[in-house]
Amino acid sequence: MKRICLLSTLILSSMPAHALPKCPQPEIMEHIIAPPSFDRAPYQNTLNRFITWLPNYHMIHDEIAAYGQPITVTAKFDYGSIAHKDLEFETVNFYLRGEHDSAWQFVTQATTNRDGKASITIPPLTAGQYRIYAAVPADGTGTQGFITVVEPNTPAILFDIDGTLTESDAEQIGDYTGIKYADPKEAAYALVRRYIDLGYQPVYLTARVYWYAKGTRSWLSWMNLPQGYLRTSLTNETSLFRTAEYKTQQINQLKAKGLNIVRAYGNAKTDAQAFINAGLNPLQSFTIGEDAGHYGTTAINGNSYQIHINEQVDNFPAAQCE
């Protein structure tokens, strides 16, 4: 991998000596940082010039990475709000920026496959928050994602988005089209912000398919919430027909990488099923809306989080981290 040695200042040298995990710093993700500068270059696949005039829906899957383990990052590049034509066999650049870095560092180049995906593997990094950027030198477009390197037992709170933080599942259309931002459920901002203030890592796990990621990040920024960790699905089939299975798998992977998901919030039957199937505590797995309490989860009555915050969040203990 080209110039991966530039990351040497970020690569871990030894395991931490302290007993408690490092506290997450999701506020780092809220800072607006300009994309890296990069030189334009000719198309490697000349056919791609016929699609890149369309609006792009590039995205990077955010990653939770276990301290001491290499990190594989996947970016997806496509164009067009209807056709979603993949950027095939094109060179892309990857850049990394740590929470204390003053500039982006070039990592390597990769080539997209026929699905418009390009993946790279980064050596182990110290615990903390990182930004990853993938750029298309041929047309100057790009996309940003986030890497969160965690130590074992890092405390986290998991949130579904549609119908949980937003008013309904249909709200995602507004984010996608850019016509309007999705209406938040009453006190949704206060719910997420309260846990962030208590030191918990927020996790947004949605069945929205990947091309909604761009609009979802815009919505989170509009809500003044950190954009990552955000995980969307990669196929419509998964989003529509395998939602519970997909979310169960994602939660189990997050736990295996070191997250201690102490509470989870959802609204759909598939959310409830995933929470319980993944072994989350039913008493700390909350569901709201018409399916509240499904599958043994704890129901939040009404269509607002305000009473729930007053009764069950304001007195919730701070995260066990340092």
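Buried residues are those under 20% relative accessible area, exposed ones are over 50%, and partly exposed ones lie in between (1.4 Å probe, protein chains only). Helices (H or I, at least four residues) and strands (E, at least two) are DSSP runs, numbered from the N terminus. The model is predicted: local features need pLDDT of at least 70, side-chain atom pairs count only at pLDDT 80 or more, and totals for chains, interfaces and linings use all residues. Residues are numbered from 1 along each chain as its sequence is written, and side-chain values use heavy atoms, with hydrogens and water left out.

In α2, the residues Ala188, Leu191, Val192, Arg193, Tyr195 and Ile196 are buried. The buried residues of α2 pack against β11, β12, β14 and α7. Contact here means heavy atoms within 4.5 Å. Leaving aside neighbours within four places in sequence, Leu191 is in contact with Phe159, Tyr265, Tyr305, His308, Ile309 and Val313. Just after α2, Gly199 takes a positive phi of about 100°.

A nonpolar core is a set of buried Ala, Val, Leu, Ile, Met, Phe, Trp, Tyr and Cys residues joined through side-chain atoms within 4.5 Å. The largest such core has 29 residues. Phe159, Leu191, Tyr195, Tyr204, Tyr265 and Tyr305 have the most contacts inside it. Two or more residues each come from β11 (154-159), α2 (188-197), α3 (213-222), β15 (285-288) and α7 (306-313). The most come from α2, which gives five residues. A second, separate core has 28 residues, including Tyr43, Val73, Phe77 and Tyr130.

Six strands form an open sheet with parallel pairing, in the order β13-β12-β11-β14-β15-β16. Two strands pair if DSSP finds at least two bridges between them. The edge strands, β13 (230-233) and β16 (298-300), each pair on one side only. Neighbouring strands are turned by 25° against each other on average, direction ignored. Axes are lines fitted to C-alpha atoms, for helices over the stretch in contact, and angles run from 0 to 180 degrees between N-to-C directions. Four bridges join β11 to the parallel strand β12 (residues 201-209). Ala156 has Gln201 of β12 as its bridge partner.

Two helices that pack on the sheet are α5 and α7. Helix α5 touches β11, β12, β13 and β14 (259-266), and its direction makes about 155° with that of β12. Helix α7 touches β14, β15 and β16, and its direction makes about 150° with that of β14. The buried residues of α5 include Tyr246, Ile251 and Leu254. Gly258 follows α5 and has a positive phi, near 120°.
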